[in-house]
Each structure stands twice: as structure tokens, then as C-alpha cells.
Amino acid sequence: MLNPSWTPNLWRERSALHQPVYPDDTGLRRVEDTLHALPPLVFAGEARELKSKLARVAQGEAFLLQAGDCAESFKEFNADNIRDTFRVMLQMAVILTFGASMPVVKVGRTAGQFVKPRSSPTEQQGDTELPSYLGDMVNDIEFTASARTPDPQRMIKGYHQAAATLNLLRAFAQGGYADIKKVHGWMLSFVENSPQGHRYRQIADRISEALAFMAAFDVGPASVRQLRETDFYTSHEGLLLPYEEALTRIDSTTGKWYDVSAHMLWIGERTRDPNGAHVAFMKGIDNPIGIKIGPLATSEQILKLAEIINPKNEPGRLTFILRMGHENIDKKLPPLLRHVKTYGLNAIWACDPMHGNVIKSKTGYKTRPFDSILKEAKAFCAHLRNEDIHIGGIHIEMTGKDVTECIGGAQEITEENLKDRYHTHCDPRLNASQSLELAFLLADELKSEVTRTTTPSAKTVAS
Ligand code: PEP
Ligand code: CO
């Protein structure tokens, strides 16, 4: 039942980092009141359903695929972008399910991923210094004083864009697009002739064959919902606390608080102070919660966060999203896992191989070498396997478009190519082909985890 001592505004008593400074308090309050009266974007029952699926991940029986934009924008908002990201996620899920023989829980970084923590509150260009761009729900990316002034009305625009995105995603997930019979059709034309395209087609062919076989027994998409539809959930960093507070409601079925802006929320690397406002907010809502863990995190901090966010040690409630960087992971991760493991936490351990691997190219672009991303993902899997911990999930910034934002991959994107199609509003994303390449690598890693846990060890055989 409802925790009587917690209310959605309690975070206001703590220090809240990375919040915009609005020029006008009355305008902000008016927007909060408007948001408060608007309908929920997601239902509490859906967040509960996601939590029960994530519980299976925590127990080693499923895998979490969390993916999407670094920052959604108002300008790039259109049906094609949403569809293409969705179809690449479907393809990744097929590759992973096929490789690991386990269900894949699909969670988009979408329908609310509009607010960014920045390394500096201001940006300098020539002699001019202006507030940094903080995401479309706060200010505009254009470098002028008026564009960079935080405007609370942008929260309302973000809410409506999130509603329209969710509406389309629900239609894609349940309206026939995700039917497994369409497994070949999810391929994007520019990936078709790549090595990933060929590998994907081989899997798709085998699935079609299996479907034809099952059809002889009258089993197929028409009779089995899971083959005809998919479950797709939304998530974003719960950074802008006035927005999250205004969308936090009591669920009439359970009497518990839910943040109905998304199914899952996560706390960023820069706002995970156990005494800070973001942790104070997330502890009171019943949604599944993610916490980013960077290379400076200690095992004591991880245990403290688990105690605050998941005091009942409920599986599915808490996901640690590790983003160490390929240069730090071998040194930092093993001791951390070894120590935390002894406490028996029911948490998901997922890998974000993106945020610790940012570099500046010689041509001036912020980029990520695809090799570093693969290296970190591989090292993550190896260390978890060593400690007998389930490889719980992957968290990536990607798009279904053929962008040139991360260097490397089968298309061999070079530093010179970055300028060709560099469209991100914040961090560089994997394109469709790089996303599939990563999925194939993970499928192999998961397969060896499954083989290990189902093959009796030498010791068992001998005794
Ligand atoms: C992000 O996921 O976009 C992000 C800012 O990550 P982190 O908090 O890990 O830096
Ligand atoms: Co990012």
C-alpha cells in the first residue's frame, strides 16, 4: 500500500543537480499544473507487467534490450524515424532470441528522452557564452540567447510528442507490424547487402521454415498472440524532476505511486548521489528503475543505492546499467562484482558500452569508435560469466537510420565520413548496421552463457 511518508514533491528538499533555471517561476508552475491534469502516458499495470518481465531477467531467464535515441528532438520527430528504430530493435531481438533461446524484453529510449545532463552548464562559441543545450524539453539547440533560455512550455510539447510516439509504437507492436511472419520485411534496404544483412537473412529463413512446420499443426501467429504481436515498453532518464513529479499518480488498483511518463525510468551517472533529489524521487515510485554506474562508482555506493531504491530486494525493480569505458572495465568491474555479489542482490546487470567510449575526432566531431563499444560489451560479458552472474542486458544509443556518427563497423565509417550524415542532437548513435553487428556479438556471448549453465561442469561429472 501507499507509503504515507513519501510524496512526489519530497525531492524538493534535496539538492537537485542538472535542473534548468527558468526565468519565470509563475510560468513553470502553470505548466506543472497543466501537466498534472493531463492523462497518463502509460498505465501502472503496464509498468507492473514490465517489472515482472524484468524479474525473469534478474533471475537469468531473459535478456533486456534497452535502445533508442540519445536525445529525442522536436525536429526529427516523424513516423519513419520511430518505425525504423522499432524495426531494428525487432531485428536485434530476433538475433538475440535465436542465439540465446531466451525471451528479450524490449524497452525503448523513447517517448520522453528529451532532457540531457551536460558536462558544462554553459557553452562558449567565439566570444559568446550561452547556457548549454539541455534537451528539447528544456531549450533549443540553436546558439542564440533566446533559443537557449529554458522555456517550461517545452514540457507540454514534449508530453504531446511522447503521447503521439507511444500511440504509434502501440500500433506497430500490436497492429500486425511485429508479426513474426514479417521477419524478412524488417530488414532496412541499406543493410540488405551487408554481412549483417546476410547473417540476419539466414536466421529469418530458419524462422520462416520453423513457422511453416508449425503451421502444419495449426500453430502460428493466428493462434499464438506472442507470434503476432510484441510487447514494447518505454523509458527515459528521469532527469527533469518538475516534469516527472507532475506525471506521478496514485494507481487506483494498488494504491501505489507510479510515474506515468514512462514504464521504466533511470537515474543518470551524474545524479545518482544517494542523498540527492533524483534518488529521493525514484525511491517512492513503483516503476522499474535503472541506475547508471560509471568507472568511479564504489561497491559501497552500489549497495547503498540498492538499499534505498530496492529495500525489499524485489527482482525486476532495479537494473544497474554499467558504463565503464573499454579502458576501465577490466580493472574496475571484477572487484566490484565480486564484492556486491556476496550480498545476494536481485538486480539486473546491463551494459551500456556507449557512454564511457566518447572521443573527439580529428575532424571535430564527438564520436565513439565501434571497436571500443564491442570491446567493452565483450569484456562485460566475460567478467559476468567469470562471476557466474547472468548477462542481463544491453543499453545503447542507436537509430534505424543510416547515420555516420560512430566510426568503424562493417561499413568502415572513417573520421572523414562523420560529416556525411551526422544528425544526432547529442551523443553519437549506432546506425542500423552497427546495431545488428553488436546484436550478433551479444547473441554469441549469451549462447556461451547458456551452454555453460546447461552443460554439467567437469567437477559435477567427476563426482
Ligand atoms: C545517457 O544515457 O544519455 C547519459 C547521459 O548517460 P550517463 O548518465 O551514463 O552519462
Ligand atoms: Co547519451
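This short tour of a predicted model stops at a metal site, a pair of helices and a pocket.

**Stop 1: the cobalt ion**

Start by selecting the cobalt ion (ligand 2), then show the side chains of C70, H355, E397 and D427, which coordinate it. The donor atoms are SG of C70, NE2 of H355, OE of E397 and OD of D427, at 2.1 to 2.6 Å. Along the sequence, these donor residues follow the spacing C-x284-H-x41-E-x29-D. Now colour two of them: H355 sits in the loop between β11 (348-351) and β12 (359-360), while E397 belongs to strand β14 (residues 393-397), so this pair ties together parts that are 42 residues apart in sequence.

**Stop 2: two packed helices**

Next, select residues 25-37, helix α1, and residues 153-174, helix α5. How far apart are the axes of α1 and α5? They are 8 Å apart, and the helices pack at an angle of about 25 degrees. That is why α1 counts as roughly parallel to α5. To see where they touch, show L28, V31, T34 and L35 on α1, then Q153, M155, I156 and Y159 on α5. This contact has six nonpolar and two polar residues, with no charged ones.

**Stop 3: the largest pocket**

Finally, select T97, P103, V104, K106 and Q226, which are the closest to the centre of the largest pocket among its 28 lining residues. The pocket holds about 900 Å³ of space. Which helix gives the largest share of the lining? Select α3, which supplies five residues. Others that each supply at least two include α2 (44-58), β2 (104-109) and α6 (195-215). Colour the lining by class and you will find 18 nonpolar, four polar and six charged residues.

Key
Residues numbered from 1 in each chain as written. Chains lettered and ligands numbered in written order. Predicted model: local features only at pLDDT ≥ 70, side-chain atom pairs only at ≥ 80, totals over all residues. Heavy atoms only, no water. 1 Å grid on protein atoms, 1.4 Å probe; cavity = no way out; pocket = protein on both sides within 12 Å on 5 of 7 lines; lining within 4 Å. Points joined across faces, edges and corners; volume = space filled by probe spheres on them. Helix = DSSP H or I, 4+ residues; strand = E, 2+ residues; numbered from the N terminus. Nonpolar A, V, L, I, M, F, W, Y, C, P; charged D, E, K, R; others polar. Axes fitted to C-alpha atoms, helices over the stretch in contact; angles between N-to-C directions. Parallel < 35°, antiparallel > 145°, perpendicular 65-115°, else oblique. Contact = heavy atoms within 4.5 Å. Donors = N, O, S within 2.8 Å, 3.2 Å for Na, K, Ca; no water.
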